[in-house]
Amino acid sequence: MHGSAGRESERHLATRRTFLAMTAAAGAGLFATAALGAGGLRGSGRRTHAMYQPVEKASSPIRLLVLGGTGFLGPQIVEHAMARGHTITLFNRGRTRPHLFESLEKLEGDRDPKVGDGLKALEGDREWDAVIDTSGYVPRIVDASASLLKDRVKHYSFVSSISVYADHSKPDMNEDDPVGQLTDPTVERVDGETYGPLKAACERAAEAAMPGRVANVRPGLIVGPGDPTDRFTYWPARIAKGGEVLCPNSPDDPMQFIDARDLGAWLVHLAEQRTAGVFNAVGPFEGTTIGAVCNVCKEVSGSDATLTWVPWDFLQEQGVAPWQEMPAWVPPQGDSAGFGRRSFARAKAAGLTTRPVRDTVAATLEYWKSLPEERRSRMRAGIAAEKEATVLKAWKEKA
C-alpha cells in the first residue's frame, strides 16, 4: 500500500500492537512485583493503610495456602486473611521481600516443577481448606500446582486478568465473551501478545484439575498503595506537584480499576465461601472517568494544578502513547472502546465491594510520599516532564 492509505494502515497496526501491550499490562501490578523496593510494606507486613471499613473475625477460620503472597496483591490477601483469623501458609521462592510476615509458616520452592526442588515442599498428605494462586502465568505450571493439591484442598482461586478477552471493542461485555487463544499452545513466553491467552489457558488448567471448585478471577488494572508500576499512582503524584497537567482526550472517558485491598479481601471471601465461577474484578461500582479521578486527585492533594485536556488525535500526532505515557487510560474507541466498561455484575453478586475513589487516591498518595526520594525521582509510568511541556506548548500553538 502507498500514500495515505498505507500510512493509515501502519497507524492501525501500530495502535493494535500498543493495545495488545496495554491489555497485557492491565494486570501488571502482579506481573511486575519483582520491581517492588523500599517503601513497601515493612516488618511483619501489617497494614500501613487502614481499610475503609473494619474487618471482623471469621466465625469459622480456614486453613489458607497462598501461592506467592509477598508481591503487590499478595500482602493485601494475607493481611485480610490474618485479620479474619485464618491460619495461613505461604509458598514462594523466598526472593521478593522475604522479611514480610515473619510470624507465618513459609514453604519455599519454585512454581516450576522443573526448577530445583520445584513443588516438593507441597508434597505429602498436608491439607488446606483453600488455595489462592497469585503467581501463575503459564498453564503447565498452574496445572502442576492444582493437580498436586486437588485431593488435599477444597477450593482454588486463580488470579487471572481482564486481558484474557479476545475482544475489548464493545461496552458491557461479560465473562461469557470469548477469550484469546494461543496460536502455538506450547508457547510459555510471556509478552504483550501471549499474556492474555496464557492467562486464559491457566484458567482452563486450574478448572480441569479441580472441576467445579475453582474461582477464576479476572482483575482489571490493580491499583492502590504498594503498586510497583506507578500507572495509577502517576495521576495523584503528578497532580499534587501542581502546574499545568497534560490530560488525555476528554474528562468523560471511562476508567475501570480495582483497589488491591478490595481485591485481596474479596479473594479471601471467595475462599471462605468456596465460591466457584469466572468473575471480572473491576470497578468502581458507581463508575468513574479520567476526569473524575483527576479532580479527586486535586481535592485530596490540595493542588492548584490546571488540567488541560488534549484530543487523542493530537496526542497521536505528538507521539504520546496511551496507558504508559497517559497511564491507566486508553482511547474509548475502536479496539479499546469497551476496555473501561466491562461488566462487574457477577463479581458484585458474589460479594465484591469497591471503595470510593477518594480512598484509593488518598492512600496511594500517602504511600507515594512515604517512598525514598530516589524512588520518587524515577516514576515508572507517565509522560516525561520535558515531553509534557513540549506537547502542551504545541497544543496551545495549534489552538
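1. The model is a predicted one, and the points that follow should be read with that in mind. The crossing of α4 and α5 is right-handed, and the axes of the two helices, which span residues 139-149 and residues 195-209 respectively, come within 8 Å and cross at roughly 20°. Because angles under 35 degrees count as roughly parallel, α4 and α5 are therefore described as roughly parallel to each other.

2. On the α4 side, the contact is made by Pro139, Val142, Asp143, Ala146 and Ser147, while α5 contributes Leu198, Ala201, Cys202, Ala205, Ala206 and Ala209. Sorted by class, this contact holds nine nonpolar residues, one polar residue and one charged residue.

3. A search of the whole structure finds three cavities of 30 Å³ or more, and the largest cavity holds about 160 Å³ of space. Its lining is made up of 19 residues, of which Met255, Gln256, Val330, Phe339 and Gly340 lie nearest the centre of the cavity. Strand β9 (residues 254-259) supplies the largest share of this lining, with three residues, and by class the lining has 13 nonpolar, five polar and one charged residues.

4. The second largest cavity contains about 40 Å³ of space and is lined by Phe257, Ile258, Asp259, Asp262, Pro284, Thr354, Arg355 and Thr360. Here too β9 gives the most to the lining, with three residues, and the lining as a whole divides into three nonpolar, two polar and three charged residues.

Definitions and conventions: Residues numbered from 1 in each chain as written. Predicted model: local features only at pLDDT ≥ 70, side-chain atom pairs only at ≥ 80, totals over all residues. Heavy atoms only, no water. Axes fitted to C-alpha atoms, helices over the stretch in contact; angles between N-to-C directions. Helix = DSSP H or I, 4+ residues; strand = E, 2+ residues; numbered from the N terminus. Parallel < 35°, antiparallel > 145°, perpendicular 65-115°, else oblique. Left-handed = near helix turned anticlockwise from the far one by under 90°. Contact = heavy atoms within 4.5 Å. Nonpolar A, V, L, I, M, F, W, Y, C, P; charged D, E, K, R; others polar. 1 Å grid on protein atoms, 1.4 Å probe; cavity = no way out; pocket = protein on both sides within 12 Å on 5 of 7 lines; lining within 4 Å. Points joined across faces, edges and corners; volume = space filled by probe spheres on them.
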